[in-house]
Amino acid sequence: MPTHYKIGTRGSLLALTQCGQVKDELERLTGDTFELVVIKTQGDIQTSQPLWQMSGNNFFTKELDEALLNDQVDLVVHSHKDLGSLRPEGITMAAVTKRSFAHDILLIKNETIPTIKNRAELIIGTSSPRRIVNIEKKLADYLPKAKNVVVKTKMLRGNINTRIQKLRDGEYDAIVLALPGIERLAHTPSSNEELKRLLDGINFMILPQTVFPSSASQGALAIECKLNRADNGELLKKLALVQDARTKEEVVRERKAFNEYGGGCHLAVGINVRKLHSSKGEFFLHSHQGHLNGKDVSLFELEGRSLPAFVMAPKVFDGHPANDQLITKKNIPVTLDQGLHLYITSKYCFEAISGSNPKSLWAAGTKTMKDLAALGFWVNGTADGIGDDEVENLRSSRAAGIMVDTNAQLIVLSNDEAKSTLTTAEVVACYKREINKNLSAEFKAEILKTEVFYWTSYFQYQAYIYHFPEIKDRMHACGIGKTYDLFRTNGVEVLPMAGIEEFKSWTRV
């Protein structure tokens with residue numbers, strides 16, 4: 001006979017939506033019935049000031065905790081990021097649900113974008129200390145021709161619909177929200193219709209985690225229940241059915257860092273951990289960015305592989321184009337139609353998009369994203385250096401799909417030998433790679449003396465090994481994206497790196 005359970009939830013549209021989704025999944029998996037019980041919290045009632053300025057803590061959880069401990073409800077569903085470092089005695093974490101996205105997303109009116117280059121300042125709505133620090137410091141680099149624009153933030157509270165409406169009403173030039181929240185609303189038919197109205201005429205930028213990491217555990221839902229229930233652990237077993245192992249591994253690491261930084265809603269440090277697996281092995285990519293105790297925090301590293309230590313700093317080769325004298329790039333004339341959905345993999349594709357007006361624009365990494373912005377382009381998102389699949393993942397967002405046609409064919413601009421694994425992509429060759437046959441004697445001597453190489457492509461590695469076979473047994477490294485996959489597929493030993501900065505830090509003794 002089915003058991004009936006009560007789920008404690010906040011009363012906001014997002015809370016009701018995400019709890020409704022958990023309710024439906026639990027009823028599907030267990031055959032039991034679940035009822036939502038709305039409980040108002042201090043954080044919902046007091047919206048006139050930022051949380052970090054309010055006295056006390058547990059603004060979104062205290063009343064729910066009390067209802068759980070007093071047996072008014074059987075379980076509660078929280079946005080995991082709302083949970084404090086210390087949870088009340090007698091409450092246990094029953095499950096962490098799967099998250100598809102953890103990113104922050106910047107929303108802006110289409111009509112505002114072309115005006116950015118002429119503005120002295122741009123006002124961004126947010127009340128999060130980590131967003132305030134990272135956005136004011138770094139966002140201008142990712143805005144079209146915004147060299148002289150000063151980015152400032154202004155307090156923004158309220159539910160998602162209220163915040164977007166404030167953007168529409170002109171109270172802000174742009175706002176930053178958690179993509180997971182909008183995504184959950186986009187997956188529910190009733191709230192999806194309201195989102196379509198609110199997002200009409202709005203454009204977006206999904207902020208790269210390596211530069212603007214999200215709040216620790218953002219995007220995951222935490223399901224809690226009373227520890228010593230008189231049901232022989234029956235409810236705990238049922239709730240474990242919605243646990244996602246990968247998300248839990250990521251969130252445990254994020255919460256550990258969160259606590260080590262001191263925790264709390266005042267923390268001005270973004271923390272994101274991404275598990276990368278399959279052909280990449282199993283690694284955790286950590287990105288921590290922000291400000292703590294008067295000092296900048298900037299950590300970007302890979303967990304899951306050991307790096308050999310050096311007694312003395314080795315001689316290294318950074319394979320980025322400015323240092324590569326063996327391979328040159330030559331543009332291929334390309335004529336593109338207007339209004340395409342473009343994915344730019346290299347700065348050598350920029351000539352091809354000159355004068356174009358893409359409907360959506362994506363970049364392979366943050367460097368390419370910044371360079372495109374400097375040329376005056378609005379970029380919707382980036383693969384963030386972890387591989388083309390990340391662009392496909394971002395384009396799977398239903399929230400993004402309300403604002404641009406993410407089901408449309410993606411045109412990938414790359415070299416004449418490139419192939420794409422993206423399902424709806426067509427590759428257009430914009431440049432070709434050629435070998436320089438007139439290398440200087442000095443460059444040849446330097447390469448032969450080099451002990452550790454950082455390669456930007458497998459093609460580059462092959463070219464150098466062909467011309468300098470002596471270096472084959474030296475130490476080789478590369479980024480964690482498609483290049484690493486190709487090294488592994490071809491059986492070549494290579495050390496994966498979070499990026500060139502981690503490589504430089506490792507080899508700088």
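Let me begin with E27, which at 22% relative accessibility counts as partly exposed, because the buried class ends under 20%. Please keep in mind throughout that what we are looking at is a predicted model.

The side chain of E27 meets that of K23 in a salt bridge, with 3.3 Å from N to O. If you look for the two residues in the structure, you will find them in helix α1, which covers residues 13–30, and because they sit four residues apart there, about one helical turn separates them. As a general point, side chains of opposite charge can pair when their charged atoms come close.

Now let us move to helix α7, residues 189–198, where R197 and E194 are three residues apart and therefore also separated by about one helical turn. Their side chains form a salt bridge with an N to O distance of 2.9 Å. R197 is partly exposed, its relative accessible area being 43%, and E194, at 28%, counts as partly exposed as well.

E390 is buried, with a relative accessibility of 4%.

Salt bridges can also share partners, and in this way R99, R246, E250 and E254 are joined into one network. To put these examples in context, a search of the whole structure finds 30 salt bridges.

Terms used:
Residues are numbered from 1 along each chain as its sequence is written. This is a predicted model: local features need pLDDT of at least 70, side-chain atom pairs count only at pLDDT 80 or more; totals for chains, interfaces and linings use all residues. Side-chain values use heavy atoms; hydrogens and water are left out. A salt bridge is a side-chain nitrogen of Lys or Arg within 4 Å of a carboxyl oxygen of Asp or Glu. Buried means under 20% relative accessible area, exposed over 50%, partly exposed in between (1.4 Å probe, protein chains only).
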